[in-house]
Amino acid sequence: LLGVVLTMTMMMFTALAVTREIERGTMESLLAMPIKPIEIMIGKIAPFVLVGFVQMTIILVAAYFVFDVPILGSVPLLITLSTLFAASNLAVGYTFSTVAQNQLQAVQMTFFFFLPNFLLSGFAFPFAGMPQWARVIGETLPLTHFIRIVRGIMLKGNGFADMQMDVAALIIFMIAAMALALFRFRKTLD
């Protein structure tokens, strides 16, 4: 549930915030300043990382104290990897905002990306029970790897060494999403 909430909110917050600025014309004043596109992107994403951290804290506290879900592994490792996951989704949302021409399109793109994450990640259905083609698509989605990380840390007590492949997949996805967002931002606003 932590991954699903972070996926939905992080992408939508970012996609709507940046698209709203483009619609209102305030992005032009940012572009007039002597700052680089990467700095604008980081400035737009950073506050939402904090929002994601607050959401994550609320969900983990409720899981532990209200629903008695054990946390057998390292909480700092879980927080670090959750922040990485949130940043990945923020980069996707930022990319959507550079493609969308209005806020409605940004919301539609968010749902277009969210539904495969929800259905093919192993959250809604067991991952091993899916057809091969669905598992191949699921392996490219960040929520699949994050669900494995959260289950591993919370329920199995896994350390970093046990989750290297999933962490590497999240890092690769985040770098690719940020690179695409930066490329699209330059291309659409230059």
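A pocket, as used in these legends, is an open set of points on a 1 Å grid over the protein atoms alone, with protein on both sides within 12 Å along at least five of seven lines, and its lining residues have an atom within 4 Å of a point. The model shown here is predicted, so local features need pLDDT of at least 70 and side-chain atom pairs count only at pLDDT 80 or more, while totals for chains, interfaces and linings use all residues. Residues are numbered from 1 along each chain as its sequence is written, and side-chain values use heavy atoms, with hydrogens and water left out.

**View 1. The largest pocket and its lining.** Let us start with the open space: the largest pocket has a volume of about 370 Å³, where a volume is the space filled by probe spheres set on grid points joined across faces, edges and corners. Its lining counts 18 residues, and those nearest the centre are Leu 1, Leu 2, Ile 59, Val 150 and Met 154. Two or more lining residues come from each of H1, H3 and H7. Helices here are DSSP runs (H or I, at least four residues), numbered from the N terminus. With seven residues, H7 gives the most to this lining.

**View 2. Helix H7 along its length.** The 15 residues of H7 should span 21 Å at 1.5 Å a residue, and its end C-alpha atoms are 20 Å apart, which agrees; the expected span is 1.5 Å times one less than the number of residues. H7 is mostly covered, with eleven of its 15 residues buried (under 20% relative accessible area with a 1.4 Å probe and protein chains only; exposed means over 50%, and partly exposed lies in between). Among the buried residues are Pro 142, His 145, Phe 146, Ile 149, Val 150 and Met 154. After H7 comes Gly 157, with a positive phi near 75°.

**View 3. Asp 166 and its partners.** Asp 166 sits in helix H8 and counts as buried, at 13% relative accessibility. Which residues does Asp 166 touch, not counting those up to four places away in sequence? They are His 145, Arg 148 and Ile 149, where a contact means heavy atoms within 4.5 Å. The side chains of Asp 166 and His 145 make a polar contact of 2.8 Å, and another, of 3.3 Å, joins the side chains of Asp 166 and Arg 148. A polar contact is a pair of N or O atoms within 3.5 Å; within protein, one must be able to donate a hydrogen and the other to accept it, and residues adjacent in sequence count only if both atoms are side-chain atoms.

**View 4. The largest nonpolar core.** Of the 56 residues in this core, Leu 81 and Tyr 94 touch the most other members. A nonpolar core is a set of buried Ala, Val, Leu, Ile, Met, Phe, Trp, Tyr and Cys residues joined through side-chain atoms within 4.5 Å. Helices H1, H2, H3, H4, H5, H7 and H8 each supply at least two residues, and H4 gives the most, with twelve. Leaving out residues up to four places away in sequence, Tyr 94 touches Thr 14, Val 18, Ile 40, Met 41, Lys 44, Ile 45, Ala 181 and Phe 185.

**View 5. Thr 14 on helix H1.** Thr 14 belongs to H1 and is buried, with 0% relative accessibility. Beyond its neighbours within four places in sequence, Thr 14 contacts Phe 48, Leu 90, Gly 93, Tyr 94 and Ser 97. H1 as a whole is mostly covered, with 17 of its 23 residues buried. From first C-alpha to last, H1 reaches 33 Å, close to the 33 Å expected at 1.5 Å a residue. Gly 25 follows H1 and has a positive phi, near 85°.

View 6. The structure holds one cavity of 30 Å³ or more, a cavity being a set of grid points where a 1.4 Å probe fits but cannot get out. The largest cavity has a volume of about 40 Å³. Its lining consists of Leu 6, Val 49, Gly 52, Phe 53, Met 56, Ser 82, Thr 83 and Ala 86. H3 and H4 are the elements that give two or more residues to that lining, and the largest share, four residues, comes from H3.

**View 7. Asp 68 in its loop.** Asp 68 lies in the loop between H3 and H4. Its phi is positive, about 55°, although Asp 68 is not a glycine. Most residues other than glycine have a negative phi. Asp 68 is exposed, with a relative accessible area of 61%.
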